[in-house]
Amino acid sequence: MRIVRYNSPSSYRGLVPSRSPWSGLEGEIDRLFQSALGDIASPVAAGRFPVDLYEDKDNTYVRAELPGINRADLSVELVDGSLNIRAARKTREGDREESFTLNRSVSVPDAAVQTDKISAAYENGVLTVTLPKREEAKPRKVTVAVN
Amino acid sequence: MSLLTSLVPSFARPASDHEPGLAVKPVYDLVENADGYALTVHLPGVAKSGLELTAEAGAITIIGRRAWKQPEGWTARYRESVDAAFELVLTHDNAVDLDKIKAELNDGVLHVALPKAEAIKPRKIAVG
């Protein structure tokens, strides 16, 4: 049985339009490395997934790319100022079932977030955690009178 | 930017509808078994509407465009993911029976079943 695995989106080189004159050579070199390293690096063994942080005036948002996770295996917790995202991905290959855990922590200052109103949604493989800001942390304009 | 586009002709070509322009290769997994190939592709953020799966005689092309656009008023503080579309091209020498390909997209993961073409399945030859 032949297995071909490609583990990491090579974004540094992927951001070249796909028909570049080097894509043939790069493809060959990639395959050379894959066949040499393919058995050592098991799929998603790195356990890291991309996370983005956004903000608007009312909330802070954390978006994590986690395709293929069951909601039951996904946990989001805020502990001691750290937002921990933990996910287990189970893959089935024939009779074997393999399970990988992925996790990542983002530090969130407790004072700035209304911790009981945090919500999360998982859509199309992307988890979005919404952290509403406390009133004190929202941007406010302070006018200072100058004598 | 214009210096770069004049040096590298492919940058100057406008991205057509078919080609996604700047694209990232997704994480994928291809397993071969006796009857066919099972392909799993990770396409986070891609919904069915943004997915194009084309099977031609020589190649299977998967293009996934992300469905999410950053809302107005959101400022990006820290970005690790990329907004580029996903593109994956797998070439085969007519090894796949194109009529029987089945695909499903769940939670950002695309599973494609690619049955082998009859012509390449192993067969026993009786010796007369």
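Asp107(B) is found in the loop that joins β8 (102–106) to β9 (109–115) of chain B; strands here are DSSP runs of E of at least two residues, helices are runs of H or I of at least four residues, and both are numbered from the N terminus. Phi of Asp107(B) is near 50°, a positive value in a residue other than glycine. Because 17 other C-beta atoms lie within 10 Å, Asp107(B) is partly exposed. A residue is buried with 20 or more other C-beta atoms within 10 Å of its own, exposed with 12 or fewer, and partly exposed in between, the C-beta atoms being placed from the backbone.

The model is predicted: local features need pLDDT of at least 70 and side-chain atom pairs count only at pLDDT 80 or more, whereas totals for chains, interfaces and linings use all residues. Residues are numbered from 1 along each chain as its sequence is written, and chains are lettered from A and ligands numbered from 1 in the order in which they are written.

In chain A, Asp80(A) occupies the loop between β4 (74–79) and β5 (82–93). Its phi is near 55°, again a positive value in a residue other than glycine. Asp80(A) counts as exposed because it has 9 C-beta neighbours inside 10 Å.

Chain B contains two helices and nine strands, in the order α-α-β-β-β-β-β-β-β-β-β from the N terminus on. Of its 128 residues, 25% count as buried. Within chain B, Gln70(B) lies in the loop between β5 (59–66) and β6 (75–78). Gln70(B) is partly exposed, with 14 other C-beta atoms within 10 Å. The C-alpha atoms of Gln70(B) and Asp83(B) are separated by 9.9 Å, the two residues being 13 apart along the chain.
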